[in-house]
Amino acid sequence: MSSHSASERWQAYLRDCSALASIAEPMHISGRITRVTGLVMEAVGLKLAVGSACTIPLANGSKIEAEVVGFQDDRVFLMPQSDVEGIVPGTRVFPVEVVQTLPPPGSVSHPRRRPSDRGRHLPVGEELLGRVVDGAGRPLDSLGPLRTHHSAPLNARAPNPLSRAPISDVLDVGVRAINSMLTVGRGQRMGLFAGSGVGKSVLLGMMARYTSADVIVVGLIGERGREVKEFIEQILGPEGLARSAVVAAPADAPPLLRLQGAAYATAIAENFRDQGKNVLLIMDSLTRYAMAQREIALAIGEPPATKGYPPSVFAKLPALVERAGNGKEGGGSITAFYTVLTEGDDQQDPIADSARAILDGHIVLNRALAEAGHYPAIDIEQSISRAMHNITTPQHQKSARRLKQLTSRFQRSRDLISVGAYAAGTDPVLDEAIALQPQIEAFLQQDITERAGIEESLGRLSALFP
């Protein structure tokens, strides 16, 4: 009897302990801010992996989102997603937590939580079409919350190169000079190299409206805020926006948000590719992405290497670009156009040089052509598509080569022709170039409202050389 009573008392004690444990508040891990220097905050008391997300509550009730970008000894370096106004010495830092196990229905027990990189998983899916969001997945338009059902990690790895489908299909971008002279394949990654004010945004808008793709993803990274609205309303237009997802991280956004915006646009495109869709990814610009990484790297003490760019910049570029391209055989694709700013029209800028090496071709916009009223101002001589020979017919390649040779011969002799120093009949190839120059210029120019399909482009190219 005594033993039975002791067992009942023990069971009652365990039930009481279980009830107390179910209503106990979970312990929250936290650190504290010890230093804020420029763009970087230092915190102690936390042991988090690089890339982990944190939140910093402020006295006024707001909070700052941040990400771990480095560490030294027991100090963790944090990069904020917004201004650091309001932070005082000793401000608490909490790692972002996610639910590990959900309580059973009707239970009052608290779910268990663990530190996670949940802040780096952002919404993706069909619900993003027609919407404009920032680099953190927050809506910038006035259409309410996203109401998405899926999320994806920002920094996914590129697919196995041996599992990718080869580039075998021509992509009609609706621009005559590109369709005929720089033919783009579905799943190709092209660079658009240009200085400021040469017409790259207009050309991107033309491709966004006229390209035969299921979905368009636009990343506006580091551009002026005024240009974001103009690109969406005037260049992309209602028809283009309806099948587009736009990620905007303008120039005044913190470098972490600009960096995250480019990764987020790529993650959205990857999600649509995994659904078997053909995606057009437009990113303006890859240079601003590199500059954001440079700001972060220099702020945490990484030494500069080439023209002020730390080594991590040149490691980040291929990691981002390689995520685009074809998926598995029979699956979807991401055809990507990245704009690259060439400071002072210098094609040997370190970012331009690095991008040229990792992309599948480059389209160079020439300022002299733009100043002469030649739009789009594509420099046929300096531009190339590395996949063109695999996806076009021998006759197409022969005509494109012929046009390029005539254009090059005419440009080299332009000064002699202008001053009347060239005598007709001296060079038969140059004579042909002079005779066909008006037709060639008309062929390479195109109005912003005109769509030139692949068949029409090839027909006009063939007509130049009957």
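**Close-up views of the largest cavity and Thr-335**

**View 1. Residues around the largest cavity.** Leu-171, Arg-186, Thr-211, Ala-213, Asn-278, Val-279, Leu-280, Ser-333 and Thr-335 line the largest cavity of this predicted model. Two elements, β17 (278-284) and β19, each give two or more residues to this lining. The largest contribution comes from β17, with three residues. Sorted by class, the lining of the largest cavity consists of four nonpolar, four polar and one charged residues.

**View 2. Volume of the largest cavity.** The space in the largest cavity amounts to about 30 Å³. When the whole structure is searched, one cavity of 30 Å³ or more is found.

**View 3. Thr-335 in its strand.** Thr-335 is part of strand β19, which spans residues 333-341. The relative accessible area of Thr-335 is 2%; Thr-335 is therefore classed as buried, a term that applies under 20%. Thr-335 is also one of the residues that line the largest cavity.

View 4. The backbone nitrogen of Gly-187 lies 2.8 Å from the side chain of Thr-335.

**View 5. Contacts of Thr-335.** Leaving aside residues up to four places away in sequence, Thr-335 touches Val-184, Gly-185, Arg-186, Gly-187 and Gln-188, among others. Its contacts also include Val-279, Leu-280 and Leu-281, as well as Leu-171. Of these contact partners, Leu-171, Arg-186, Val-279 and Leu-280 are also found in the lining of the largest cavity.

Technical notes: Residues are numbered from 1 along each chain as its sequence is written. This is a predicted model: local features need pLDDT of at least 70, side-chain atom pairs count only at pLDDT 80 or more; totals for chains, interfaces and linings use all residues. Side-chain values use heavy atoms; hydrogens and water are left out. Helices (H or I, at least four residues) and strands (E, at least two) are DSSP runs, numbered from the N terminus. Buried means under 20% relative accessible area, exposed over 50%, partly exposed in between (1.4 Å probe, protein chains only). A polar contact is a pair of N or O atoms within 3.5 Å; within protein, one must be able to donate a hydrogen and the other to accept it, and residues adjacent in sequence count only if both atoms are side-chain atoms. Contact means heavy atoms within 4.5 Å. On a 1 Å grid over the protein atoms alone, a cavity is a set of points where a 1.4 Å probe fits but cannot get out, and a pocket is an open set with protein on both sides within 12 Å along at least five of seven lines; lining residues have an atom within 4 Å of a point. Grid points are joined across faces, edges and corners, and a volume is the space filled by probe spheres set on the points. Ala, Val, Leu, Ile, Met, Phe, Trp, Tyr, Cys and Pro count as nonpolar, Asp, Glu, Lys and Arg as charged, and the others, Gly among them, as polar.
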